[in-house]
Structure formats: structure tokens, C-alpha cells
Amino acid sequence: MAAILEQAEAATELRPAIAGRNPWLLAGRRLWRNRIAMAALVLFLLIVVVSLLAPLYASHIAHTNPFVNNLNGTTVVHGKRVPLMQQGGGILKLGETPIGPTRDVHHYFLGADALGRDVAARLLYGGRTSLLIGIGSAVICSLFATVTALIAGFFGGVTDSLLSRLMDVIWAFPVLLFAISVGTELQTLPHGLSVGPVHIVASSLWLPTLIIAFIYVPYVYRPVRGQVLTVVHREYVEASISQGASNVRLLFSDILPNVITVVIVLLPLIIATTILTEAALSFLGVGVQPPNASWGTIISDGSSLLYTRPWVSIAPGIMIVLTVLALNVLGDGVRDALDPRAKLRVGG
Amino acid sequence: MLTFIVRRLLWTVLVMFVISAFVFVLFFKTPGIDPARAIAGRNPSPQILAEIRHQFGLDEPFPVQYALMMKDLFITRDLVSYSNQGVKVVPEIFAAAPATLSLVFGAAVIWVVMSMALGIAAALLRGTIVDPLLMILALIGISMPVFWVGEVANLITQSRFHDTFLFSWVPPLGYTSFTQSPVGWFKGLLIPWITLSILYIGLYARVLRANIIETEGEDYVRTARAKGLTERRVLLRHTLRGSMISYVSLFGLDFGALVAAGALLTEVVFAIHGVGFLFFQSLGNLDLPTIMAIVVYGAFFIVLANVIVDIAYAWLDPRVRLT
């Protein structure tokens, strides 16, 4: 008996001390080791940085203002000065076609659009807008949904029923129809929208951001509320209650850290979805309004030039695909690293 | 079961009431918006405006206005469009519905067949290079904006390669009804079908693959193998059946959303005059009755799809009870 105890003691002494490991650190390490996810993250950050450099590109490299019509402008191709709007081909020489891609970063790299504006510079500015709206609305949506889900799941009863029914109603809205209706409606207001002291002009980026944030709230609310319900009666929450913790303390230091993984897993996928939605709304003319450009509005600008100057539409589409693809791959990586078995859009 | 149906019916009515009331307030009561002006056209005189207000009941109190519109929409079904007063809204939507249904049904057939083939292939070939390749393809499919795919498809089939043998059969943009010419219907819709289905092929292939891999670990699949069933039978009768539950519910929801004018972008890009296209047109001239009717129509299909999915779920998975 004593020998066994002695052996056990020896074993304990031999074992190296186990360092306490933070679960976030472990998840971070798993993500770091996932090469594909890291490549996606690098690609996404690269797109963000390049888009943020848009003003520098426009003023120092391309020397153009991509927000001003330039129908009578000229540019340089192979050392020769040529007009931006070229006379149409055919026998009648009717109509004008903007200049196509020149493959020269200083002079209309991707050509001009129907108003003679530099497509490459607009593409970068458009990226800035699209990313701003995409990330902004995803963050607003997640914050709002998380707080509502915490309140609903924690207080339960009537609060929960009311909030959940409200979310069910938003869920039943035809997403695209709803966003388009609100977008159109707000843009037809002659003097913008006034809510109390807040005044938003019709061309403000806040309108598409808030509309898009609103329509995806139930998609985050449902999984987060589900997670709150599984956590709220756990022993550590009861222990906190028995120690007299306040509701705020229970919500934010006991429950929130245990449901936030659901939000973190969803976030890249929500950003991907909001970027696609912004592009769709802007393509239809009810999202981003001039003078701002976004990837969606540039595709829309290019649709009238589709058969003559296809790159005006193709280039922003490629940017959207790359961005959304990077976010989807990153989202898979984050899910694998945290693995709370969350899925976007599980019907209920 | 009966209580379930009654509850769901009441819920449907409630949702449609909330949505229609919301749209009504949005379009008729937002400060700065005057529907009478939208009807009257440019520079109307005050008398004409007053006359129009009276004629369309816009001088009534707000709840009466709402009730009048709902009565015209659901009971007498003779709600008149504001922009073209010879057009009744309800028959107009019914006339546009076949184009939308043709588009969505065809795309659904393609996406179910393709996603099942890809999902099963990826799950069975796990550990080989085929699986990650298929999944990357699926991810790219999910990441492409459908209207952009449509434009690129138009560029290829209508312009750049239209004169080659590959795409010379593609008719000009637009919709030919099935009764007019079945062949023209099929030719005109094939490219839109493929465009619309790409996103869902990617989405469903990923879902199915994940579910098959999850189901593979279930005890009943091991039991089926232990009984000595062939791999083929285990896959088709046991694994796949268990994997299809969430696939079916996703399908129901997406199909409902698409019929509810969710295919609007595809319809606009390919000039298919369906419900989504009609909605887009009505927005252009702020034709409130048509917008209202289509939003209510869309909400109805989404709620209906949810109910059908719940019933299908309980039928496929006997552990779920409907209450």
C-alpha cells in the first residue's frame, strides 16, 4: 500500500506543472495553424488596406477625381493623348464609347465608365464604401441581436415571448423586398429622414447600413438566444446568484463570455452576407446613392456598357467574390477553431 | 395536430397583419410622402389633389384607409394600381406568377440534383483531393453575387460567344410562356436557371456533406453495416435518409423565399417579367398598391413555407412533436 502511494507521489513529482491555458488562446492557436484560414484572413486584410488607400491612389497615382464627370477629358495611351469618350464604330459612327482598360496604372487602368470617370479609382473607393457598410451593418446587427438575445434568454417569460415573436415577424419579412421597399421609400424623401434630433440625408451611408443591419437581426438572435438558454441554468450561474450577484453582473460576466463564441463564429459569415446584400441593393439603385460609389453601384453603372466595355462590371464583381470568399473561408476556420456547432440559418 | 394547424393559421394571419400594417405606415404615413401626388402626376392643382384624395379614400382616418385597402386586396380583389388606373393589382400578380414559378421550379430541380451529386461525392471521397476541390468550388458558388453571375452569363451567351455553336441557340432576353412554345420556354430559361441555382448548389452541397459525415458516426449506421448490408444500401437507406432532414427544411425555406419574389435579381437581369420584376417596376413609379400587394403575397409564401417545413420535419424525424 505504502509502495503504491510512494509511486503515485513520485509520478506526481515527475509530471511537469500544467500551465493554465486560456480557451481563447487555444482557439487562436488552432486558427493560426489553419493555413487556409490564415491565407483568407491575409487576403481580406489586403483588400481592406488597398481599399483604404483609395484617396492616395486617386490623387497621387491616377491623378483623377473619380466623382466628377469627365466626358471631354483626355488621357495618355502609349505616349499618345486620346479622348476618353471615343466615337462609336460602325458606318454611322453614332454614340460614344468610353475608353477601355489601358493596363497603365497611371492612366485609366480599367478604362472609364459612361461618364468618363476612372473605373480603377472608383473600384477602390467603392471597396471602401462596401466594406464600411458590410462590416458596420454586421457589427450593429450582431450587437443589437446579442443584447436582445441576452435579455430574452435571461429574463424569460413574457419578455422572451414578446421579443421572440417580434423576431419571428422580422424573419417572415421577405428580406429583399423589405430592404428594397425601405430603401426606395427613404430615398424619395425630399429632405431626408428626421428622427428626433437625428437627421439623416437621403444619400447618407447610414440608411443602407441600418436597413441591412435590421433585416439580419433574427439570424443572429436565434442561435444566441438558444445558447443563452442552455447556459442560464448552469451551476456556475447558480453559484453567482447564491453569492448575490446583480443581474448586470450575471449577464455580462457569467453568461455573455459563454455565448459570445456563437457571435464570433457567425460574424465573418454575417459580414459576407451583408456585403452581398449591399451589392444587391446598390445594383438595384436603392442602396448607396451618388456621389458615393460601391461595388454594387459600379456593376450597375457598367450594365449599360456590358457588351462594349465589360470590365466596368466584371472588375467589381471579382472584388466582391474575393472578399466574400475570403470571409467564408475565414468563417469556416473560426468555426473549426471554436467549434460551438453553430450554423448560420438553422430554421426553427 | 389540429391545435398545431389552428395556431399556425392564427400566426400566419397575425404576421400578415403586422407586415401589411408596417408597409402601409411606411408608404402612406411617412412624413413628406403624399400618395395623392404620386397618383396625380406632375404639377397637380389643389382641386385635383383634393379630388384624388377623396376618390381613393385618402381623406379618411388612417385605420379606415388601411381597412379599405385590405378590403380591396383580399375581399373584392379589385385594388387598382396608382400609376396605371386601368390595371387591377391582384390579376396582375397572378399573371406574373407563372414566370416566377417557372424560374424557381427549374432552378430547384437543377440545384437539388447537382447539390446531392456533389455533396455525396465529396463525403464519399473524403481524404482524397476531390473533396477539398469540390468544397472550394461550392464556396466560390456561395460567394458570387447572383446578379453579377447573370450579367457575366449575358455577356458570354448574348454577346461574346453568341455567334459560336456553343450559345447560338440562346434566345434574346425575356420570357416565353410554356403554353406559347415549350421549346422557347426551355431555351429562354436554361441560362437563368443555372444562374439562380449556382448559389444553392454550393450551399446545399456543403450542408449535405457535413450532415452525411455527421450521420456516418451514428449508431444505427454502424448497426446497418454490422448486419452485413451493402455499402450502397447503407448509404441510400440509412445514412442519406438521416442526413436529409435539415436539407429538406432548408429547401422548404429557400424555395418559399424565392417564390416570394426572392428571385427578383435574376428576373431583373434576364428581363423575366415575374413577380420580382413587377415589384421592381412598381418601385420605380412608387405604385403603392402593387408594392403592398406583392409584399403581402411574399410574406404569405414565407410563412406557408415555414409551416410546411415544420410538418415535413415532424414527419421525417418522429422524435419531433408538433404542438
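I take a helix to be a DSSP run of H or I, at least four residues long, with helices numbered from the N terminus. I also keep in mind that this is a predicted model.

**Entry 1: A:Ile133**

I looked up A:Ile133 first. I found A:Ile133 in helix α5 of chain A, which covers residues 119-155. Is A:Ile133 buried or exposed? I counted 31 other C-beta atoms within 10 Å, so A:Ile133 is buried. The cut-off for a buried residue is 20 or more.

Next I listed what A:Ile133 touches, leaving aside residues up to four places away in sequence. The list holds A:Leu205, A:Pro208, A:Thr209, A:Ile212 and A:Glu278. I also checked a distance along the chain. A:Gly153 is 20 residues from A:Ile133 in sequence, and their C-alpha atoms are separated by 29 Å.

**Entry 2: helix α10 of chain A**

I moved on to α10(A), residues 235-242. How many of its eight residues are buried? The number is zero, so α10(A) lies largely in the open. Just after this helix I noted A:Gly244, which takes a positive phi of about 80°.

I then looked at how α10(A) sits against α11(A), residues 247-283. Two packed helices are described by the angle between their axes and the distance between the axes. Here the axes come within 10 Å and cross at roughly 150°. Angles over 145 degrees count as roughly antiparallel. The two helices, α10(A) and α11(A), are therefore roughly antiparallel to each other. I recorded their crossing as right-handed.

Which residues make this contact? From α10(A) I wrote down A:Tyr236, A:Val237, A:Ser240 and A:Ile241. From α11(A) I wrote down A:Leu250, A:Asp254 and A:Ile255. By type, the residues of the contact are five nonpolar, one polar and one charged.

**Entry 3: chain B as a whole**

I turned to chain B. I counted 13 helices and zero strands. The C-alpha atoms fill a box of roughly 85 × 60 × 35 Å along the principal axes. Chain B has 323 residues, and buried residues make up 38% of them. I also looked at contacts with a separation of 6 or more. Of these contacts in chain B, 69% join residues 24 or more positions apart.

B:Ala261 has a phi near 65°, and B:Ala271 has one of about 55°. Where does each residue sit? B:Ala261 is in helix α10 of chain B. B:Ala271 is in the loop between α11 and α12 of chain B.

I checked the surroundings too. B:Ala261 has 28 C-beta neighbours inside 10 Å and so counts as buried. B:Ala271 has 14 C-beta neighbours inside 10 Å, so B:Ala271 counts as partly exposed.

**Entry 4: where the chains meet**

Last, I looked up the contact between the chains. How many residues does each chain give? Chain B gives 43 residues and chain A gives 35 residues. The largest share comes from α13(B), with eight residues. I sorted the residues of this side of chain B by type and got 34 nonpolar, eight polar and one charged.

Definitions and conventions:
Residues numbered from 1 in each chain as written. Chains lettered and ligands numbered in written order. Predicted model: local features only at pLDDT ≥ 70, side-chain atom pairs only at ≥ 80, totals over all residues. Buried ≥ 20, exposed ≤ 12 C-beta atoms within 10 Å, placed from the backbone. Contact = placed C-beta atoms within 7 Å. Nonpolar A, V, L, I, M, F, W, Y, C, P; charged D, E, K, R; others polar. Axes fitted to C-alpha atoms, helices over the stretch in contact; angles between N-to-C directions. Parallel < 35°, antiparallel > 145°, perpendicular 65-115°, else oblique. Left-handed = near helix turned anticlockwise from the far one by under 90°.
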